[in-house]
Amino acid sequence: TQVPAYAAYRHLAKDLSDPYAVLAQLPTVSKADYKRDLKNYVSGRYGDKQRLETFTGGSTSEPMKFYLHGGVTRTKEYAFIADFQARINKGPDDISLALRGRSVPTAAKGGPLWMYEPIKKWLICSSDHLERQYMPQYEDAMRQWKPTIISANPSGVYPLAKWFKANPNPELTDR
């Protein structure tokens, strides 16, 4: 209720018994609308010091700036992921393939399209190189690290799934 763009809709927050009905009354916002007037979509409840500026990985070729709640958002996300992984019985040695909008510094310089994060046990693959010509490099990384779980945005996992459908690799996909 503290976001200027939605000030005219604050009254809808009084009765959330039917969230679908409430959502139906809100306007659809495009990426262009959001980019054009970002400040209008930022909560006035928190000051600039509480905002952590970040960007999408650009898997749709249009990176987008947005803000996280500094010291809160990433901690909650990490707790959510840890809880989810515990519920699916992720073991201590299981590695997750992460295709979630992260850039891999070496990828932009012609180096590896992936990096390994040993504390979280994440094989982080570049979301900026999901074209057909790079898929064999993703396969090589998966062959080397043998991830058992995929943590991905739909825009990240779709090109990989499409690749494996056209180029079956049971060694990697049967697990």
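Contact here means heavy atoms within 4.5 Å. With that cut-off, this briefing describes a predicted model of a protein chain with six helices and six strands. What covers the buried residues of helix 4 (residues 135–145)? The cover includes strand 3 (96–99), strand 4 (114–117), strand 5 (122–125), helix 5 (154–166) and helix 6 (170–173).

**Overall architecture**

- Read from the N terminus, the order of elements in the protein chain is α-α-β-β-α-β-β-β-α-β-α-α.
- The C-alpha trace of the protein chain extends over about 55 × 35 × 35 Å along its principal axes.
- Among contacts in the protein chain with a separation of 6 or more, 55% join residues 24 or more positions apart.

**Burial, surface and charge**

- The protein chain has 175 residues, of which 26% count as buried.

**Helix 4**

- The buried residues of helix 4 are Met135, Tyr138, Glu139, Ala141 and Met142.
- These residues lie on the same side of helix 4, because they cover an arc of only 165 degrees around the axis.
- An α-helix has 3.6 residues a turn, so residues three or four places apart point the same way.
- Just after helix 4, lysine 146 adopts a positive phi of about 50 degrees.

**The largest nonpolar core**

- The largest nonpolar core contains 21 residues, and Tyr138 and Leu160 touch the most other members.
- At least two residues of this core come from each of strand 3, strand 5, helix 4 and helix 5.
- Leaving aside residues up to four places away in sequence, tyrosine 138 touches Leu99, Leu113, Cys125, Ser126, His129, Leu130 and Leu160.
- In soluble globular proteins, nonpolar side chains tend to be buried together.

**Glutamine 85**

- Glutamine 85 is located in helix 3 (residues 73–87).
- Glutamine 85 counts as buried because its relative accessibility is 11%, and the cut-off for burial is under 20%.
- When residues up to four places away in sequence are not counted, glutamine 85 touches Lys90, Ser96 and Trp122.

Definitions and conventions. Residues are numbered from 1 along each chain as its sequence is written. This is a predicted model: local features need pLDDT of at least 70, side-chain atom pairs count only at pLDDT 80 or more; totals for chains, interfaces and linings use all residues. Side-chain values use heavy atoms; hydrogens and water are left out. Helices (H or I, at least four residues) and strands (E, at least two) are DSSP runs, numbered from the N terminus. Buried means under 20% relative accessible area, exposed over 50%, partly exposed in between (1.4 Å probe, protein chains only). The arc is that of the directions from the helix axis to the C-beta atoms. A nonpolar core is a set of buried Ala, Val, Leu, Ile, Met, Phe, Trp, Tyr and Cys residues joined through side-chain atoms within 4.5 Å.
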